[in-house]
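Q: Could you walk me through this model, taking the overall make-up before the details?

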Amino acid sequence: MSEGTAVTNESDVFGRHLLEAQDAIASLTVEGRRNAANALRRAAERLAKQIIATGRTQAGTPTRVSEVGDKILGELIPDVLGFALGNDERGRWTLWKSCLNPGAHDDDVPPPQTLKTVLGDIKKLKKNHEKHWSGGLLK
């Protein structure tokens, strides 16, 4: 790299997905934006699993993130909505599914501005949940 070495925390799965998305969002190609949509979908899935595991653990059923399963975003939404911090969050999960899932297939890929908005929303939601749960989100 001409700009130097980039240090990343390889144990932070969510963070790696966000970095991948950030790198691809500004792409001028459809394939680049498709990669961004896929990375954002994976980040949303990881965040959903972290929220579900944390919520279950806080409710008295200790759960690891890996125990939430190998579910895709659409399958995780019903469970994660039970731990939503507000109605606006519920709407975001549904919006993310409808705009990110088509980007993974042969359908239209979201424009860069939509991807940037989703990226910002995902970061904000994670921050809100980190503050909400005592001890933050499970990793």
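**Working chat on the fold and its contacts**

A: To begin with burial, 42% of the 139 residues in the protein chain are buried, where buried means under 20% relative accessible area, exposed means over 50% and partly exposed is in between, computed with a 1.4 Å probe on protein chains only. This is a predicted model, in which local features need pLDDT of at least 70 and side-chain atom pairs count only at pLDDT 80 or more, while totals for chains, interfaces and linings use all residues. Residues are numbered from 1 along each chain as its sequence is written, and side-chain values use heavy atoms, with hydrogens and water left out.

Q: How many helices and strands does the protein chain have?
A: The protein chain has five helices and zero strands, and along the sequence the pattern reads α-α-α-α-α. Helices (H or I, at least four residues) and strands (E, at least two) are DSSP runs numbered from the N terminus.

Q: And what share of the contacts in the protein chain is between residues 24 or more positions apart?
A: Counting contacts with a separation of 6 or more, 64% are between residues 24 or more positions apart, a contact being heavy atoms within 4.5 Å.

Q: Ok, packing next. How do α4 and α5 cross?
A: The axes of helix α4 (residues 87-100) and helix α5 (residues 112-132) come within 11 Å and cross at roughly 140°. Those axes are lines fitted to C-alpha atoms, for helices over the stretch in contact, and the angles run from 0 to 180 degrees between N-to-C directions. The crossing of α4 and α5 is left-handed, a label used if the near helix is turned anticlockwise from the far one by less than a right angle, with right-handed used if clockwise.

Q: Which residues meet there?
A: From α4 there are E89, R92, W93, W96, C99 and L100, and they meet T114, L115, V118, D121, I122, L125 and H129 of α5. By type, the residues of this contact divide into eight nonpolar, two polar and three charged, with Ala, Val, Leu, Ile, Met, Phe, Trp, Tyr, Cys and Pro taken as nonpolar, Asp, Glu, Lys and Arg as charged, and the others, Gly among them, as polar.

Q: What about the largest nonpolar core, which residues touch the most other members?
A: That core has 34 residues, and those touching the most other members are L40, L47, W93, W96, L100 and I122. Two or more residues each come from α1 (13-25), α2 (30-58), α3 (73-81), α4 and α5, with α2 giving the most, eleven residues. A nonpolar core here is a set of buried Ala, Val, Leu, Ile, Met, Phe, Trp, Tyr and Cys residues joined through side-chain atoms within 4.5 Å.

Q: Zooming in on I122, what is it in contact with, leaving aside neighbours within four places in sequence?
A: With those neighbours set aside, I122 is in contact with F14, L18, L40, A44, L47 and W96.

Q: Changing topic, how many salt bridges does the structure hold?
A: It holds ten salt bridges, each being a side-chain nitrogen of Lys or Arg within 4 Å of a carboxyl oxygen of Asp or Glu. In one of them D79 pairs with R56, with the closest N and O atoms 3.8 Å apart. Since D79 lies in helix α3 and R56 in helix α2, the pair ties together parts that are 23 residues apart in sequence.

Q: Which other salt bridge does D79 form?
A: D79 also forms a salt bridge with K71, where the closest N and O atoms are 3.4 Å apart. K71 is partly exposed, at a relative accessible area of 29%. Through shared partners, salt bridges join R56, K71 and D79 into one network.

Q: Are D79 and R56 buried or partly exposed?
A: D79 is partly exposed, at 26% relative accessible area, and R56 is partly exposed as well, at 27%.

Q: One more pair: how far apart are N and O in the D88 and R92 salt bridge?
A: The N to O distance between the D88 and R92 side chains is 3.0 Å. The two residues are four apart in helix α4, so about one helical turn separates them.

Q: Last one, where is S66?
A: S66 is found in the loop between α2 and α3, and it is exposed, with a relative accessible area of 59%. Its C-alpha atom is separated by 8.0 Å from that of K49, 17 residues apart along the chain.
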